[in-house]
Amino acid sequence: LILYIIDAEEGITHQDHRLINLILDNRKQILILINKYDLIDRYIKEKWHEETTYSLKNYPYLDYICTSAMKKIGKYKVLEKVITLKNIEYHHKTSY
């Protein structure tokens, strides 16, 4: 499982898309973490969600979680999602 961190102030860049595609092409699980989410204001957050949803439209099975490492926002959501994704991976490996 790869935790891919994106800076909320920068948004998803062309390089991020290239790396996400590389990760997916190598059949790795990925969870996108949007860090520094606390540093952007409410209006920008709404626009950011719209742009992120549009930007990730080609990856409907990808999930992202907004976090702040400094303020510890979203850490429990990240842990829950990691456990869920690892359980899915475990079930797929044992079904072969």
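**Labels and their cut-offs**

User: Why is Lys81 called partly exposed?

Analyst: Lys81 has a relative accessible area of 23%. Buried means under 20%, exposed means over 50%, and partly exposed is in between, with a 1.4 Å probe and protein chains only. So Lys81 counts as partly exposed.

Two notes on the basis. This is a predicted model, where local features need pLDDT of at least 70 and side-chain atom pairs count only at pLDDT 80 or more, while totals for chains, interfaces and linings use all residues. Residues are numbered from 1 along each chain as its sequence is written, and side-chain values use heavy atoms, with hydrogens and water left out.

User: What makes Lys81 and Asp63 a salt bridge?

Analyst: Their closest N and O atoms are 3.0 Å apart. A salt bridge needs a side-chain nitrogen of Lys or Arg within 4 Å of a carboxyl oxygen of Asp or Glu, so the pair qualifies. Lys81 is in helix 3 and Asp63 in the loop between helix 2 and strand 3, 18 residues apart. Helices (H or I, at least four residues) and strands (E, at least two) are DSSP runs, numbered from the N terminus. Asp63, at 33%, is partly exposed.

User: How many salt bridges are there by this rule?

Analyst: Three. One of them joins Asp7 and Lys36 at 3.2 Å, N to O. Asp7 belongs to strand 1, Lys36 to the loop between strand 2 and helix 2, and 29 residues separate them. Asp7 has 19% relative accessibility, so it counts as buried. Lys36 has 34%, so it counts as partly exposed.

User: Why does the pair of Lys71 and Asp38 tie together separate parts?

Analyst: Their side chains meet in a salt bridge, 4.0 Å from N to O. Lys71 lies in the loop between strand 3 and helix 3, and Asp38 in the loop between strand 2 and helix 2, so the pair ties together parts 33 residues apart in sequence. Lys71 is exposed at 57%. Asp38 is partly exposed at 23%.

User: What about Asp16: which side chain of opposite charge is nearest?

Analyst: Arg18, 10 Å away. Lys and Arg count as positive, Asp and Glu as negative; His and the chain ends are not counted. Asp16 is buried yet has no salt bridge. Its place is in helix 1. Asp16 touches Tyr4, Ile6 and Gly11, leaving out residues up to four places away in sequence. Contact here means heavy atoms within 4.5 Å.

User: What makes a set of residues a nonpolar core?

Analyst: The members are buried Ala, Val, Leu, Ile, Met, Phe, Trp, Tyr and Cys residues joined through side-chain atoms within 4.5 Å. The largest here has 18 residues; among those with the most contacts inside it are Ile20, Ile34 and Tyr64. Strand 1, helix 1, strand 2 and strand 3 each give two or more residues to this core. Apart from it lies another core of five residues, including Leu33 and Val78.

User: How do you know that the charged end of Lys57 sits over the ring of Tyr54?

Analyst: The charged end of Lys57 is 3.9 Å from the ring centre. The rule asks for NZ of Lys or CZ of Arg within 6 Å of that centre and within 35 degrees of the ring normal. The pair is classed as a charge over a ring.
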